[in-house]
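The sequence and the model are shown below.

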Amino acid sequence: ASFGFQNVPEEEKESLVKNVFNSVASSYDLMNDATSFGVHRLWKDNFVDSLKPGRKGPMKCIDVAGGTGDIALRILDYAREKYADRETTVDIADINAEMLKEGFKRFKKTMYHNTPQVAFHEANAQEMSKFADNTYDMYTIAFGIRNCTDIPAVLREAHRILKPGGVFACLEFSRVNNPLLSTMYDQYSFSMIPLLGTLLAGDRDSYQYLVESIRRFPPQPEFARMIKDAGLTTGEFVDGGAWSDYWGGIAAVHKGVKL
Ligand code: SAM
């Protein structure tokens, strides 16, 4: 398969994306570590640290495109370890049942299994009608929104299900500004990631798609504008701007608040 998506109709894109994650579900965590040398773990730690879940009391959270639960688990651990909070809850929503299954297996080994603190939902970020308006204190999406074919729809739904005062937070691969770093990063991601995909997961195309999806995602200022357009205020969180770059923009965190 080729993942030059430009000429593919919207509905087909969605099923292509679903297939990509079906075929990588079981090897997903291993590949994440291999392709980013484990750095995604640090980014995710920083991301959750910056949100301080539980600081102002128990929160109702939703982690969209939550996959195998990396962010959800960090949120629950953070609230418990820092604030002895065992009442914060996270709903994990993902379009792909295989990813959710892996997540479920993983949570089975934790103290959160069989508690009201975690629940799994098969859902498309663009159409979240099974979740009511004004429900959540926090909406997170990590390395997920770039796979969605209609980003404004995702943001609209995020805004709808957040409570007034609720926080939207997105961790995503983004645009590297430094030209030298940018060249090195391009070399690495265009050649090494698909190669590692072949070696470790036997699946070059899916990882090729992941690399291409990063290139297509809007740069920081444009994405910040889209968040604002969805009615989420940005800027008051992050020093000097509406987002903060991780590693020169290889990844970036954007936040917004529903007024
Ligand atoms: N958030 C997890 C993490 O950081 O490890 C998983 C990230 S993984 C790269 C991307 C996830 O997005 C996959 O689990 C995939 O199934 C999910 N996804 C893709 N398109 C989606 C959509 N339209 N709605 C919900 N989830 C989606």
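This is a predicted model: local features need pLDDT of at least 70, side-chain atom pairs count only at pLDDT 80 or more; totals for chains, interfaces and linings use all residues.

A nitrogen atom of the ligand is 2.9 Å from a polar backbone atom of A65, while an oxygen atom of the ligand is 2.6 Å from an N or O atom in the side chain of D94.

## The shell around the ligand

How many residues surround the ligand, and which are the closest? The ligand is surrounded by 19 residues, and the closest of these are A65, D94, N124, A125 and A142. By residue class, the shell is made up of eleven nonpolar, five polar and three charged residues.

## Oblique helix pairs

Helix 3, which spans residues 39–51, packs against helix 4, residues 70–83, at an angle of about 50°, and their axes are 10 Å apart. An angle between 35 and 65 degrees is neither roughly parallel nor roughly perpendicular, and helix 3 and helix 4 are therefore oblique to each other. Helix 3 passes helix 4 in a right-handed crossing.

Another pair is formed by helix 6 (residues 151–161) and helix 9 (residues 220–229), whose axes come within 9 Å and cross at roughly 45°. Helix 6 and helix 9 are therefore also oblique to each other, and helix 6 passes helix 9 in a right-handed crossing.

## An antiparallel helix pair

How are helix 7 and helix 8 arranged, and at what angle do their axes cross? The axes of helix 7 (residues 179–201) and helix 8 (residues 204–216) come within 7 Å and cross at roughly 155°. Because angles over 145 degrees count as roughly antiparallel, helix 7 is roughly antiparallel to helix 8. The crossing of helix 7 and helix 8 is right-handed.

Key:
Residues are numbered from 1 along each chain as its sequence is written. Side-chain values use heavy atoms; hydrogens and water are left out. A residue is near a molecule or strand if one of its heavy atoms lies within 4 Å of it. A polar contact is a pair of N or O atoms within 3.5 Å; within protein, one must be able to donate a hydrogen and the other to accept it, and residues adjacent in sequence count only if both atoms are side-chain atoms. Ala, Val, Leu, Ile, Met, Phe, Trp, Tyr, Cys and Pro count as nonpolar, Asp, Glu, Lys and Arg as charged, and the others, Gly among them, as polar. Axes are lines fitted to C-alpha atoms, for helices over the stretch in contact, and angles run from 0 to 180 degrees between N-to-C directions. Helices (H or I, at least four residues) and strands (E, at least two) are DSSP runs, numbered from the N terminus. Angles under 35 degrees count as roughly parallel, over 145 as roughly antiparallel, 65 to 115 as roughly perpendicular and the rest as oblique. A crossing is left-handed if the near helix is turned anticlockwise from the far one by less than a right angle, and right-handed if clockwise.
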